[in-house]
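User: I would like to learn how to read a structural model, one feature at a time. Can we work through some cases together?

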Amino acid sequence: MLDISNSSCSLCTGEMSGNGLISSIRRLINTEERLTTSNRSPFDHLRQQMDDILGDGGILKEVVQSGEGPPVPQNASVLIRYSGFLEYSDQPFETNTNHKYPEMMKLGRDVTLAGLELGLLTMQKGEFSRFLFQPQYAYGDMGCPPFIPAAAVVLYEVQILDFFNSGQVDDFVALSLEEQNTLPLSTLLEVVNTLRSFGNRCFNQSRYDNAKDRYKQAVTLLGSREAQNDAEKERIKAALLPLYLNLSLTELRLDSPHKALKYGNKALEIDSANTKALFRCGQAYLELHEYESAQGCLITAQAKRPFDSDINNLLRKVVICYKDSLDKQKDLYSKMFRDLRSPVKM
């Protein structure tokens with residue numbers, strides 16, 4: 001490389017700089033740069049730092065914050081925050097960032113913008129990116145009056161909060177029972193794990209009915225599996241255990257203690273020493289005012305985890321409720337006996 005930092009060329013000497021030639025050249029260059037820059041639109045500036053993900057210039061992408069893990073698969077269900085902008089507009093023409101819990105969207109069904117779906121397939125969990133979509137990947141030559149003008153280039157800011165491979169679930173469920181049983185157990189367990197994760201997300205958003213549906217679907221798939229040997233039976237039981245625990249908790253949230261108790265007992269059939277199952281049964285019995293049974297479950301759980309604050313706090317509550325119940329019964333019986341002893345006045 002040619003180093004001109006110490007060059008003795010006359011254009012760089014102090015003698016020539018004195019007549020202002022160098023500064024004039026610099027001013028001219030800077031002026032041209034400013035003019036060129038001032039002619040660029042906001043989207044033109046963005047294009048300079050974006051990658052062409054398809055090679056036709058139709059979808060440009062800038063990764064603002066990297067994600068982790070594999071990219072979003074085809075036909076996945078995605079949980080995203082997004083905002084769409086027109087050029088020269090500070091306010092989005094659509095956004096879901098004001099929602100506490102964005103809705104789950106299924107690719108190929110709920111995401112109707114072609115560019116957005118293609119862009120999502122390049123993203124990872126946790127990633128935040130910006131996309132510029134040409135009209136053919138956005139709202140077309142017609143636009144979407146009155147919000148989107150004709151042949152508009154649009155900017156989308158997108159963050160992937162989570163996604164689930166629901167396409168794999170759909171493909172598996174579409175198979176007959178015989179076809180499902182020909183697939184490796186590992187495939188079924190992947191599907192079940194996706195359904196459980198999907199249910200957990202719904203539960204965390206207080207969508208308990210949706211969560212229950214996902215958990216029950218997973219239980220049904222596991223129950224339909226024809227285990228080939230004892231090892232497979234154990235793996236199926238291991239997959240059922242967290243589903244029963246989740247269903248028990250979900251039914252408690254739905255104020256269905258009888259159903260919660262049913263699933264808690266199913267979990268105990270798999271693992272009789274499971275403290276979560278004992279705790280869930282204790283909660284259900286408490287809701288059913290069966291205090292003695294609740295106390296029995298919680299004392300067993302406490303023996304295994306003596307310093308668990310949730311178990312200890314619930315046990316104290318059960319003991320208090322049990323004592324109050326016995327006191328009320330005692331008062332009731334005392335009143336009944338008093339009434340029996342009292343002479344009948346004629």
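Predicted model: local features only at pLDDT ≥ 70, side-chain atom pairs only at ≥ 80, totals over all residues.

User: Which residues of H10 are buried, and which helices do they pack against?

Analyst: In an α-helix there are 3.6 residues a turn, so residues three or four places apart point the same way. In H10 the buried residues are Pro257, Ala260, Leu261, Tyr263, Gly264, Ala267 and Leu268. The buried residues of H10 pack against H8, H9 and H11.

User: Now the largest nonpolar core. Which of its residues touch the most other members?

Analyst: A core of this kind joins buried nonpolar residues through side-chain atoms within 4.5 Å. The largest one has 53 residues, and Leu188, Leu222 and Leu243 touch the most other members. At least two residues each come from H5, H7, H8, H9, H10, H11, H12 and H13. H9 gives the largest share, 10 residues.

User: What is Leu243 in contact with?

Analyst: Setting aside neighbours within four places in sequence, Leu243 is in contact with Val192, Arg196, Tyr215, Ala218, Val219 and Leu222.

User: Next, a charged residue. Is Glu117 buried or exposed, and which side chain of opposite charge is nearest?

Analyst: Glu117 is buried and has no salt bridge. The nearest side chain of opposite charge is that of Lys106, 9.1 Å away, whereas a salt bridge needs 4 Å or less. Glu117 lies in helix H4, residues 114–120.

User: Where does a polar atom of the Glu117 side chain find a backbone nitrogen?

Analyst: The backbone nitrogen of Gly108 is 3.1 Å from a polar atom of that side chain. Beyond four places in sequence, Glu117 touches Leu107, Gly108 and Val111.

User: Last, Thr300. Why does Thr300 count as partly exposed?

Analyst: Buried means under 20% relative accessible area and exposed means over 50%. Thr300 has 37% relative accessibility, so Thr300 counts as partly exposed. Thr300 is in helix H12, residues 291–304, and its side chain reaches the backbone oxygen of Gly296 at 2.9 Å.

User: How far apart are Thr300 and Phe279 in sequence and in space?

Analyst: Thr300 and Phe279 are 21 residues apart in sequence, and their C-alpha atoms are 9.2 Å apart in space.

Definitions and conventions
Residues numbered from 1 in each chain as written. Heavy atoms only, no water. Helix = DSSP H or I, 4+ residues; strand = E, 2+ residues; numbered from the N terminus. Buried < 20%, exposed > 50% of the residue type's maximum accessible area, 1.4 Å probe, protein only. Polar contact = N/O pair within 3.5 Å; in protein donor to acceptor, adjacent residues only side chain to side chain. Lys, Arg positive; Asp, Glu negative; His and termini not counted. Contact = heavy atoms within 4.5 Å.
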